[in-house]
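Please keep the sequence and the model in view while reading.

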Amino acid sequence: MTKDDLDTKLRSAALNNAHFCHAVCRAHELPADFEDEHYWLSTSRTPPLYPDAVTLSPETEAESLLRWMDTDSPGCSVKDSFANLDLEGDGFEVLFDAQWIHRPAAGAPAAGSSGLEWSEVADAGELAAWEAAWDGEESTGLFRPVLLGEEIVFLAGRREGDIVAGAVVNRAGGVVGVSNLFAHDEADTDAAWAAALGAVAARWPEHDVVGYESGEDLDAALRHGFTAIGPLRVWLRTSDRTRFLRRRDT
């Protein structure tokens, strides 16, 4: 892989992720937009687990981001897509580091014998049940029905009728992103990856697949044909970390 190829893949992964953040914010009727090829940004505080800005270029400067952001109220966050910003002097701390992942367009792996039944979330009721299963507690309305459509698909894996695994796939930026992947039983994690990749192969077989993961979640992605292509970092400007603790933002 050449340096130019790697740069293109990283930018595509960041752009895809920013588009999903944008969709979630617009679903909540929050002001958010893209600034050319440099960054995506919301001028209002975003929903829990979602960043206020996503950098789209390694040349993006911190000053150009922060001057438009609400840095006064708790919870201001930046997804530093190339892990090259230094925001400590602006009162931020590192929330977590992860790796962007990339998988060339190809057929989906075999689903295995997990015993799960997979389907796409079709309506508001199913979406609320999906969010409750993903969150581990109950639906708070983070994911709104307006998100359901041709470009964003929520996948639910059921056992005996209950949602016990799932993922989101979204097409944007010339690639397809996989995010919010979960499994209540660790043994179902590989089935969730296979189901997500199967959905991508069925809908958009010509598209590469991207996302980001860390730790054991990264190991699982690598087992399914992904390659780690570069670091990202999420910064948080407050000591109040509760809005990000349950799960990483997508």
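## Cysteines

The sulfur of Cys 25 lies 6.8 Å from the closest cysteine sulfur, that of Cys 21, which is too far for a bond, a disulfide being a pair of cysteine sulfur atoms within 2.5 Å. Cys 76 is likewise in no disulfide, since the nearest cysteine sulfur, that of Cys 25, is 13 Å away. By this rule the count comes to 0 disulfides. Cys 25 counts as buried at 0% relative accessibility, and Cys 76 also counts as buried, at 0%; here buried means under 20% relative accessible area, exposed means over 50%, and partly exposed covers what is in between, with a 1.4 Å probe and protein chains only.

This is a predicted model, in which local features need pLDDT of at least 70 and side-chain atom pairs count only at pLDDT 80 or more, whereas totals for chains, interfaces and linings use all residues. Residues are numbered from 1 along each chain as its sequence is written, and side-chain values use heavy atoms, with hydrogens and water left out.

Cys 25 lies in helix H1, which spans residues 3-27; helices (H or I, at least four residues) and strands (E, at least two) are DSSP runs, numbered from the N terminus. From Lys 3 to Cys 25 there are 22 residues in sequence and 33 Å in space, taken from C-alpha to C-alpha. When neighbours within four places in sequence are left aside, Cys 25 is in contact (heavy atoms within 4.5 Å) with Leu 30, Ala 32, Trp 40, Thr 46 and Pro 47.

Ser 42 lies in strand S2 and is buried, with a relative accessible area of 1%. Not counting residues up to four places away in sequence, Ser 42 touches Pro 31, Ala 32 and Asp 52. Val 54 is 12 residues from Ser 42 in sequence, and their C-alpha atoms are 9.4 Å apart.

Asp 36 sits in the loop between strand S1 (32-35) and strand S2 (39-42), where its phi is near 50°, a positive value in a residue other than glycine; Asp 36 is exposed, with a relative accessible area of 60%. Ala 83, placed in the loop between strand S4 (76-80) and strand S5 (93-103), has a positive phi near 50° and is a residue other than glycine, and at 21% relative accessibility Ala 83 counts as partly exposed.

## Packing of H4 and H5

Two packed helices are described by the angle between their axes and the distance between the axes. Helix H4 (residues 189-203) and helix H5 (residues 215-223) pack at an angle of about 55°, with their axes 10 Å apart; axes are lines fitted to C-alpha atoms, for helices over the stretch in contact, and angles run from 0 to 180 degrees between N-to-C directions. H4 and H5 are therefore oblique to each other, where angles under 35 degrees count as roughly parallel, over 145 as roughly antiparallel, 65 to 115 as roughly perpendicular and the rest as oblique.

The contact is made by Thr 189, Asp 190 and Trp 193 of H4, together with Asp 217, Ala 220, Ala 221 and Arg 223 of H5.
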